[in-house]
Amino acid sequence: CLLISFVVLIKIISYPVLEGSLEKEITIEIPKSSSLYKIASILENYNVISNKYHFMTYAFFSGKSKSLK
């Protein structure tokens, strides 16, 4: 159980690693008052992020989830 927790923690800490750039510049409109889940879903649908759950976990534990706009 401790090993699994450690692996998950390492994944969360190392999540925002740039894997590559987008093929082209895009503009995405995020509706006002969107939840973290909604923002993550939109970004995943546009292939800006690869996994909304990793993004949400990182945003929550890094304290950035409340400042997303």
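**Entry 1: the α2/α3 pair**

I looked up how α2 and α3 lie, and they are oblique to each other. Oblique here is what remains after angles under 35 degrees (roughly parallel), over 145 (roughly antiparallel) and 65 to 115 (roughly perpendicular). The model is predicted: local features need pLDDT of at least 70, side-chain atom pairs count only at pLDDT 80 or more, and totals for chains, interfaces and linings use all residues. Residues are numbered from 1 along each chain as its sequence is written, and side-chain values use heavy atoms, with hydrogens and water left out.

I noted an angle of about 135 degrees between helix α2 (residues 36-45) and helix α3 (residues 52-62), with the axes 9 Å apart. Axes are lines fitted to C-alpha atoms, for helices over the stretch in contact, and angles run from 0 to 180 degrees between N-to-C directions. Helices are DSSP runs (H or I, at least four residues), as are strands (E, at least two), numbered from the N terminus.

**Entry 2: who touches whom**

From α2, I listed L36, Y37, A40, S41, L43 and E44 in the contact. From α3, I listed K52, Y53, F55, M56 and A59. Contact means heavy atoms within 4.5 Å. I sorted the residues of this contact into eight nonpolar, one polar and two charged. Ala, Val, Leu, Ile, Met, Phe, Trp, Tyr, Cys and Pro count as nonpolar; Asp, Glu, Lys and Arg count as charged; the others, Gly among them, are polar.

I then checked M56. Leaving aside neighbours within four places in sequence, M56 touches L36, Y37 and A40.

**Entry 3: the core**

I found eight residues in the largest nonpolar core: L36, I39, A40, L43, I49, F55, M56 and A59. Such a core is a set of buried Ala, Val, Leu, Ile, Met, Phe, Trp, Tyr and Cys residues joined through side-chain atoms within 4.5 Å. Buried means under 20% relative accessible area, exposed over 50%, partly exposed in between (1.4 Å probe, protein chains only). α2 gives the most to this core, with four residues.

**Entry 4: two loop residues**

I looked for positive phi outside glycine. S33 has a phi near 65 degrees. S33 sits in the loop between α1 (2-13) and α2, and is exposed at 74% relative accessibility. N47 has a phi of about 60 degrees. N47 lies in the loop between α2 and α3, and counts as exposed at 60%.

**Entry 5: the whole chain**

I counted three helices and zero strands. Of the 69 residues, 22% are buried.
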